[in-house]
Structures are given as C-alpha cells and as structure tokens.
Amino acid sequence: MSFPFYIARRYLFSKKQHNVINLISGISVVGVALATLAMVCVMSGFNGFQDLIGNLFTAFDPQLELVPTQGKVMAEDDPSLVAVRRNNKVAAATNSYEDNALILFKGRPLVIMLKGVDDNFTKTSGIKNILYGQGEYSLHRGNLNYGIPGYNLALQMGGLNFGTLQICVPKKGEQINLANPIENINVDDLTASGICFQVNQQKYDDNLMLCSLPFVQGLYNQEGCITKLELKLKDGVDEQVAKKELQQLAGPRFRVLDRYEQHEETFNVMQIEKLFAFAFLTFIVLVACFNIIGSVSMLIIDKTKDISTLRHLGATNKQIVHIFLFEGWLISFMGAIIGIVLGLILCLLQQQFGLLKLEPTGGGNFIVDAYPISVHALDIVIIFFTVIIVGFLSVWYPVNYLSRKSMDSQA
C-alpha cells in the first residue's frame, strides 16, 4: 500500500477536529451514491423496454432477413438466394412480398400493408403463437385466398368475420386515369379466415394483412419476385457467425439483417434517448462531486499541522497532493460502489415484485403491469468508470491548487 493512499484512508475514516467535515464527507458519499443509483436504475429501465420490444418482434419477425441493396424486389430463384437457402446453418426459409394496398370495406377506403408469404412462414416465425379467433391458420384453399389481419385492423373492419374484401393496387408502370381509375388498378378478393394476430405493436396490429405469396405476386404483376427472404437458423447456431457467412454467400447485391437491424430506426431512437439520459445523469454526478471538493478543501484546512509534520518527516509535495487526491477518489469510489449495489438491489426487487407499476389504478392496456428492468453488465462497468473518472476530474484541479497554496503558506 502506497504512503499517500494509507494516509488518505486514515483521514477518510478518522474523526476530524471539526465534526462538520465528517458530515460533509458523508453527504458527499451519499450524493455520489444516489446519482450512481439513479444511473443504474434508469439505464436498466431503458434496457428493459428495449428487450421487451425485441421479444415482441421475435413473435413475428424472422431471425434473419435478406433484402436487396438496390431496388425493392428480387428474383426468388436468384442463384445467391438459392445458395443461402441451401446453407447448412439454415433450418427454414420463407419467400415474402410486402407492399402497400387499398381495401374497400363498406365503401370506405383503407390503406394497409399487404404481406404475402409461402407455406414455410410458420417455420420461420412464431405466427401460430399470436393468433386469436375460432378459425385455423390457412392462407389459401382451392381457389380461395384468405387474409389474416392484425388485431386493430380487424376491429376497424368490424371484427374477424368481415366476409370478402376487395384489394386494390395500381398496375405497375401505369399512371392513374382520373376519368376511369379502375382501368389502371388491379383488384382481387380476400376472404375472412376467422382469425387475427396480435403482436402488440402498432406497425403490425394496425394495418398489416397476411395472405399467400402467389396472391400478392399476381396482384402486383410480380410473379417470381419477392421483397424479402426470411430465414430461421438451426438450433445451436451462433446468429452473428451465421449472418457473416450468409452475407458472404449473398454477395454485395443483398443485405442480411438481424432482428434489431430490421427495426433499426426504432432501436436507434431508443439508443439516442438512452445516451441523452446517460449524459444528463453524468451531469448530476458531476454536481454531486462538488460536495467532494468542499469536503476535501475543509480537510486540507483541518490538516494544516499534519501537512507541516509530514513535510518535516520527508514527505514530498507530490506525495502530500496525492494524499488529498486519494481522499477525493476514495469518496467517489465508495459512492460508486454503494450506489451500484443499491441500484442492483432495487432493479432485482422491481424484476421480482414489480414495485413501480405502469398503471397503479389498473384498467390499462399495457403489455406489462410494471416497468420492465434488464441489467446489462457492460452498462454497470461503464457507470462505475464514469463515476470514478468524473470524481477524479472534479477534484484534481481544486486539490492541486489548495494543497500547493497550503504548503506555500507554510514555507
């Protein structure tokens, strides 16, 4: 143990001549601890919401998705896509075509997102786990094409048994003739399947209609074309390793996306919000560290005689400065450890008992009753070093200045 650190540790826990110094030191530790606790809880809260949304997407979205880098459509028999489907890490693949469409329901037009999928869709997604209603999952039977709407879209159409819908899309490459618009529009019928799906996400539940791939390809005059190739990997396969391998197979004309990249905008917004919250809480930590400056400054004044004694015993000016620097760092270190421990305890209690409710009075339509919490080890490490660095920067100049001024006055 170094000499300055040993003396600083003694000063931290020993009783001072003026009790107010002990009080201010205690307040400094508490202030840093509370700011650290807030950082742990807030960051874990952001992680909880991000993980919650990620889990909701999992029920509908594919594990990996392949899309063209240029344009919107690609040939489903493209050699690169065939090679991806045959890769030994791929358990199942689904051809998919998505585009906007217009439905006419009781004379009222409604813009929806039409998603056509092949019969492998149940193997690449968890669609069967989020279905509601009395019917069975089926997208086509004989000459009939069935449509499975999102929950909120079904409500807009009056329920699950909406009969037959006219699906309208403009013909490819043609401008709408305002005098007779029907000439430039493709129209086909979808029949109610008696079921709907609910992902608890507006993007899906409000305007998505699921149907068969041949129906959509014929409606858009895009036979043999798809907009996405959705993939499910075999059990035990590392997703990131498989993603890199499939990207090499696909080549530069295609992009392989994981679930987070498929919803990049949503998660980027959440990351930006988390970053701003972290910056704001770091500023609060800095304010809390001002108490450390006051505590160490009063300690320097209180230990003036000790400084003189140490100098006569051979201590250098650098060692004396380090004593008070270590004093400030120890206060910030204790505050960081106490804050992290208390923050982790609060996060654990929230996970187990849901102490903080989203709707205390009940009757809400929230997916979860209590605020979701997810503790990430990397965040805890970043928070710890942030508090330590902020504590170091906040006391470095004041301690150097006051210590040298005190020593100069004794010279």
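Guide: A residue is called buried when its relative accessible area is under 20%, exposed when that area is over 50%, and partly exposed in between (1.4 Å probe, protein chains only). The model is predicted, so local features need pLDDT of at least 70 and side-chain atom pairs count only at pLDDT 80 or more, while totals for chains, interfaces and linings use all residues. Residues are numbered from 1 along each chain as its sequence is written, and side-chain values use heavy atoms, leaving out hydrogens and water.

Helices (H or I, at least four residues) and strands (E, at least two) are DSSP runs, numbered from the N terminus. Because five of the five residues of E1 are buried, the strand is largely enclosed by the rest of the structure. Leu 64, Leu 66 and Pro 68 point one way from E1, and Glu 65 and Val 67 point the other way.

Two strands pair if DSSP finds at least two bridges between them. E1 runs antiparallel to E13, with three bridges joining them, and here Glu 65 stands opposite Glu 230. E1 also pairs with E14, again in the antiparallel sense, over five bridges; in this pairing Leu 64 faces Asp 258.

The charged side chains come next. Side chains of opposite charge can pair when their charged atoms come close. A salt bridge is a side-chain nitrogen of Lys or Arg within 4 Å of a carboxyl oxygen of Asp or Glu. The structure holds 10 of them. One joins Glu 65 to Lys 228, with an N to O distance of 3.5 Å.

Lys 228 leads on to another region. The C-alpha atoms of Lys 228 and Glu 76 are separated by 9.0 Å, although the two are 152 residues apart along the chain. Glu 76 is placed in the loop between strand E2 (74–75) and helix H3 (79–85). Contact means heavy atoms within 4.5 Å. Beyond its neighbours within four places in sequence, Glu 76 is in contact with several residues, among them Arg 85, Asn 95, Gln 217 and Ile 226. Gln 217 is also touched by Gln 222, which sits in the loop between helix H7 (213–219) and strand E12 (225–226). Gln 222 counts as buried because its relative accessibility is 9%.

Arg 253 lies in the loop between helix H8 (239–250) and strand E14 (254–258) and Asp 78 in the loop between E2 and H3, so the pair ties together parts that are 175 residues apart in sequence. At 12% relative accessibility Asp 78 counts as buried, whereas Arg 253, at 44%, counts as partly exposed.

The side chains of Glu 245 and Lys 89 meet at 2.7 Å, N to O. Glu 245 is in H8 and Lys 89 is in the loop between H3 and strand E3 (90–105), 156 residues apart. Glu 245 counts as partly exposed, at 27% relative accessibility.
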